[in-house]
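Student: I've got a model open and I'd like to learn how to read it. Can we go through it together?

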Amino acid sequence: MKGKNMKQYIVDAFTDEIFHGNPAAVCVLEKWLPEKLMMSIAKENNLSETAFVVKEDGKYHLRWFTPGGEIDLCGHATLACAFILFRFYIQGEVQVIFRTLSGDLTVCKNGALLEMEFPAYKLKKIPVTQEMVDAIGAVPNEAYIGRDLLCIFDEEDLVKSLSPNMNKLLALDGLLLHVTAPGKDTDSVSRSFAPKLKIAEDPVCGSGHCHIVPYWSRRLSKQNIVAYQASQRGGTLFCRISGDKVFLAGKAALFSECEIYI
């Protein structure tokens, strides 16, 4: 790609209007860029995720980069990437398969929604520690570990009001911290924090709901979960669980398209 301008899109995921949901950058490439360059682009964008995708052997190879490095699973940037492919590159198609560090991920059109099939994280219950309390600024009822740390609270308003200590979060187990409670108008509300990835708060975290949905599905004894991410931008996920798979569905809105000069 050296010597060429590269097209990049900015998509707000898990919303149908711009300035809401979770913004992700999407770069559709003819061939891979050097990893150092992709990392520089992610840092320059300074969004929670920049997605890079290359078509290989009939599938799209997808990689996600945060300003802090490459990550193994990201929901909102996958949704954003599928939205761009369906709109500009594979019009008329109803399914796209991504090859990723977490295996093959399928995104399908489901009416007005795009539905992603993701692996569910296995949750192990762990003790609530004083370190968790000090970092979060409140006492969780329960705590679980998967890839990330999941902490359970009773009240939606408490989850919305939390202001964790980012430096202290760095010392906790798990890649991200998710805090969640029953919702007043939805099955769950949550927030996601990722200082280890140089992201204070992820506005709407798809991979986080691969922890959150299995928990609420078990607790509420239901397979379909409507989840609201209570960040400042906010976003709604329509979720269901089947076996060891979590299906996350949402909408997306195109904010911008531009050329990167590299």
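Student: Let me start with one residue. Which residues does Val-133 touch, not counting those up to four places away in sequence?

Tutor: Contact here means heavy atoms within 4.5 Å. By that rule Val-133 touches Val-128, Ala-138, Val-139 and Pro-140. Before we go on, some ground rules: this is a predicted model, where local features need pLDDT of at least 70 and side-chain atom pairs count only at pLDDT 80 or more, while totals for chains, interfaces and linings use all residues. Residues are numbered from 1 along each chain as its sequence is written, and side-chain values use heavy atoms, with hydrogens and water left out.

Student: Where does Val-133 sit, and is it buried or exposed?

Tutor: For elements, we take DSSP runs numbered from the N terminus: helices are H or I with at least four residues, strands are E with at least two. Val-133 is in helix α3, residues 130–136. For burial, buried means under 20% relative accessible area, exposed over 50%, and partly exposed in between, with a 1.4 Å probe and protein chains only. Val-133 counts as buried because its relative accessibility is 16%.

Student: What does sequence separation tell me about Val-133 and Val-94?

Tutor: Compare the two kinds of distance. Val-133 and Val-94 are 39 residues apart in sequence, and their C-alpha atoms are 45 Å apart in space. Now take Glu-17 and Lys-251: they are 234 residues apart along the chain, with 8.9 Å between their C-alpha atoms.

Student: What else can I read about Glu-17?

Tutor: Glu-17 is in the loop between β1 (5–13) and β2 (22–29). Its relative accessibility is 43%, so Glu-17 is partly exposed. Leaving out residues up to four places away in sequence, Glu-17 touches Asp-12 and Ala-253.

Student: Which way does phi point for Phe-19 and Asn-46, positive or negative?

Tutor: Positive, in a residue other than glycine: Phe-19 has a phi near 75 degrees, and Asn-46 has one near 55 degrees. Phe-19 lies in the loop between β1 and β2, while Asn-46 lies in the loop between α1 (35–45) and β3. Phe-19 counts as exposed because its relative accessibility is 53%, and Asn-46 is exposed because its value is 57%.

Student: How do I read Thr-50, in strand β3?

Tutor: Strand β3 covers residues 50–56, and Thr-50 is buried because its relative accessible area is 0%. A polar contact is a pair of N or O atoms within 3.5 Å; within protein, one must be able to donate a hydrogen and the other to accept it, and residues adjacent in sequence count only if both atoms are side-chain atoms. The side chains of Thr-50 and Asn-45 make one at 3.0 Å. Beyond its neighbours within four places in sequence, Thr-50 is in contact with several residues, including Gln-8, Cys-27 and Trp-64.

Student: And the whole protein: how many helices and strands are there, and what is the radius of gyration?

Tutor: There are six helices and 18 strands. The radius of gyration is taken over C-alpha atoms, and the globule rule is 2.2 Å times the number of residues to the power 0.38. The protein has 18 Å, which agrees with a compact globule because one of 262 residues would be near 18 Å. The C-alpha trace spans about 55 × 40 × 30 Å along its principal axes. Buried residues make up 56% of the 262. Of the contacts with a separation of 6 or more, 61% come from residues 24 or more positions apart.
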